[in-house]
Amino acid sequence: MLSLSLQVRQKERGLRGSWHSGTVVKVKYCRRVVEYDELFTRDGSRKLKETIPLREEVKLHTSTRRDTIVEGSKAAEGDENVNIVLKKRGFIRPSPPPCLIPSRQDWKRGLLVDAFYNDAWWEGILLDDVTSDCEEFKTKIFFPEEGDELEIVLKDLRVSQEWDEASGLWAGRG
């Protein structure tokens, strides 16, 4: 378990919905001490270390976007809020394996994706159908846990996958 590379889901405001890479440096009780690869202490002098429980309840947030509502992985227009219902999830996972999917041109509005941004993978929702396979093609992504929207190039997107810590298996979320 020590020296295992993994990702940790953040719960602090401004970072909710992001997965940051790190390494397990210590295991104690039902917790792992993780040293982050790209997060540093407030003074910037050393890499941040954090104690993470194996599993914790997720508290989800509601956004007031009028044009998208997510139910599972489907999006519909005209509703007041975005509500995401997720089962109990852990805050630690290994890095996801490549997701074998058809051409990106088959990605449709409402697909759950991860976007690489600011040294982390952020859980988001595709707001438009993808109409190009070009790596530099930009598409809008909505990040429901923070209520933000950004344009992201395709090369920095992947279909979201969910890690089941109990079974040790990955499943598509998209």
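F143 counts as buried, at 6% relative accessibility (buried means under 20% relative accessible area, exposed over 50%, partly exposed in between, with a 1.4 Å probe and protein chains only). Please keep in mind that this is a predicted model, in which local features need pLDDT of at least 70 and side-chain atom pairs count only at pLDDT 80 or more, while totals for chains, interfaces and linings use all residues. Residues are numbered from 1 along each chain as its sequence is written, and side-chain values use heavy atoms, leaving out hydrogens and water.

How many aromatic pairs does a search of the whole structure find? The search finds three, where rings of Phe, Tyr and Trp (its six-membered ring) pair if their centres lie within 6.5 Å; planes under 30 degrees apart count as stacked, over 60 as edge-to-face and the rest as tilted. One of them joins W122 and F143: the ring centres are 6.5 Å apart and the planes at 75 degrees, so this pair is edge-to-face. W122 is buried too, with a relative accessible area of 11%.

The rings of W163 and W170 have centres 5.2 Å apart and planes at 50 degrees, so they form a tilted pair. W163 is partly exposed at 23%, and W170 is partly exposed at 22%.

Now look at F91. The charged end of R9 sits over its ring, 4.0 Å from the centre, and K11 lies over the face of F91 at 4.9 Å from the ring centre (the criterion is NZ of Lys or CZ of Arg within 6 Å of the ring centre and within 35 degrees of the ring normal).
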